[in-house]
Amino acid sequence: MPEHCLVARQMAASGGIENVQWAELGFGEYLNEDLPQFDYIVMHGVYSWVSDEVKAQIRNFLSRKLRPGGTVYLSYNSQPGWSQAAPLQTLLSIGAREAGVAGNSVNARFGSALTFAERLADAGANYFKTNPEAVEKLRSMKTEDQRYLVHEYLNEQWKPLYFSDVASELNPCKLNFAAYGDPSEHYDALCLNASGLALIESVDDPILRQTLRDYLMNTAFRKDYFLKGGRKLTPFEQRRLLLQTPFALCVPTKHVVAEFVARIGRVALNPEFVSSITGLLEAGPQTLASLMELTKTKAQNFTALLQLIVALVTLGAIHPCPVKPRESAAARRLSISQWLVRHLKAENGPISPRH
Ligand SMILES: C[S@@+](CC[C@H](N)C(=O)[O-])C[C@H]1O[C@@H](n2cnc3c(N)ncnc32)[C@H](O)[C@@H]1O
């Protein structure tokens, strides 16, 4: 929408960022533009919110505009995690459509749709009795931001997807599944119990492995990387590239908590190891190789260091930064953050530290 482009342009200008362009176009229109081939194409929360026709337009764009060796990031609502609550989305859409007949605003329509669903639940509907996740979702909606809920649920095209379907749809675009994009779920041992792990390890096919993982974890949202013509790295190459990757501190060290919640439960990190890493990053980004040297981590403990780094990325405490940022980057980030705080305050009034 034009307002989105305007706000994005203002935010970029607040940080003096000039190498970005905004276009108010439908996916089907991008192929008519004079665009180069891309190394990366990123779509967060789009693919399961658009019609089959628009999905085909997206795939057409990926086929023609992603450079060989390029990467696509796709995130989408997935199955089987929505199997209990998907009918609730349909119910809310129907409730909102009915309320629309009276000419109500979109927020008022969503409010009526919630009441409509609650009345059904209170009437003892068997759907809610046999699908406790739907009851839980309905309850949690009462405290969530209504603008988000309207955006998320009042969409005629909303449809959670199976990973295997997404992977086979992308195959004709010469895109192959490369990796799951959420660092918190990179280690199977933090996501699956022992029997689940054994099951996954008995399977070689990467698509089937992901499918089994989705059933084991009841995944409701996926973040996937697909590559055009990807070549699998050897463990040696992987390690060499990881060692060259710089990491930057994202929050003051005093805010870094040495534990996080993984699928299998709470995971405690070694607090001394955590503070030695975050302390070193206070002075600026460091590559994994120099963190290894500075913390005197022995080569055979590389895996332990990497696991800690992944945990800190999951916590939002650190982040990989592919190139060493210039001095000016910190000042730019600060001006963008200040602009964002002013913008949020203007829209919502005072904001809590959680934001
Ligand atoms: C669920 S929202 C996600 C928005 C944003 N990426 C995020 O994560 O907050 C889906 C977005 O897809 C956009 N969209 C839907 N159909 C589209 C189309 N045909 N062309 C371009 N954008 C479209 C909508 O405008 C909406 O902003």
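In which order do the strands of the open three-stranded sheet stand? The order is β8-β5-β9, and the pairing is antiparallel.

## About the model

This is a predicted model, in which local features need pLDDT of at least 70 and side-chain atom pairs count only at pLDDT 80 or more, while totals for chains, interfaces and linings use all residues. Residues are numbered from 1 along each chain as its sequence is written.

## The strands

Helices (H or I, at least four residues) and strands (E, at least two) are DSSP runs numbered from the N terminus, and two strands pair if DSSP finds at least two bridges between them. In the open sheet β8-β5-β9, the strands β8 (286-287) and β9 (318-320) stand at the edges with a single partner strand each, so one side of each has no neighbour in the sheet. Strand β5 (residues 246-249) pairs with β8 in the antiparallel sense over two bridges, and Pro-246 stands opposite Thr-287 in β8.

Strands β6 (residues 259-262) and β7 (residues 265-268) run antiparallel and are joined by four bridges. They form a hairpin with two residues between them, and Ala-262 has Gly-265 in β7 as its bridge partner.

## The nonpolar cores

A nonpolar core is a set of buried Ala, Val, Leu, Ile, Met, Phe, Trp, Tyr and Cys residues joined through C-beta atoms within 7 Å. A residue is buried if 20 or more other C-beta atoms lie within 10 Å of its own, exposed if 12 or fewer, and partly exposed in between, with C-beta atoms placed from the backbone. The largest nonpolar core has 15 residues, and those with the most contacts inside it are Ile-277, Leu-312 and Ile-318. Two or more residues each come from β5, α12 (271-281), α13 (288-294) and α14 (302-314), and the largest share, four residues, belongs to α14.

Two residues are in contact if their C-beta atoms, placed from the backbone, lie within 7 Å. Leaving aside neighbours within four places in sequence, the contacts of Ile-318 are Phe-247, Ala-248, Leu-249, Cys-250, Leu-281, Leu-312 and Val-313. Apart from this core lies another, of 14 residues, among them Leu-62, Leu-66, Phe-163 and Phe-177.

## Two helices compared with their expected spans

The expected span of a helix is 1.5 Å times one less than its number of residues. Helix α14 has 13 residues and reaches 18 Å from its first C-alpha to its last, close to the 18 Å expected. Its buried residues include Leu-308, Ile-309, Ala-311, Leu-312 and Thr-314, and what covers the buried residues of α14 includes β5, β6, α12, α13 and β9. Just after α14, Gly-316 takes a positive phi of about 80°.

Helix α1 (residues 2-14) has 13 residues and reaches 19 Å, close to the 18 Å expected. It is followed by Gly-16, whose phi is positive, near 65°.

## A buried and an exposed residue

Phe-110, in helix α4 (residues 106-122), counts as buried because 22 C-beta neighbours lie inside 10 Å. Not counting residues up to four places away in sequence, Phe-110 touches Ala-96, Gln-146, Leu-149, Val-150 and Leu-154.

Gln-338, in helix α15 (residues 327-348), is exposed because 12 other C-beta atoms lie within 10 Å. The C-alpha atoms of Gln-338 and Met-11 are separated by 9.8 Å, although these residues are 327 residues apart along the chain.
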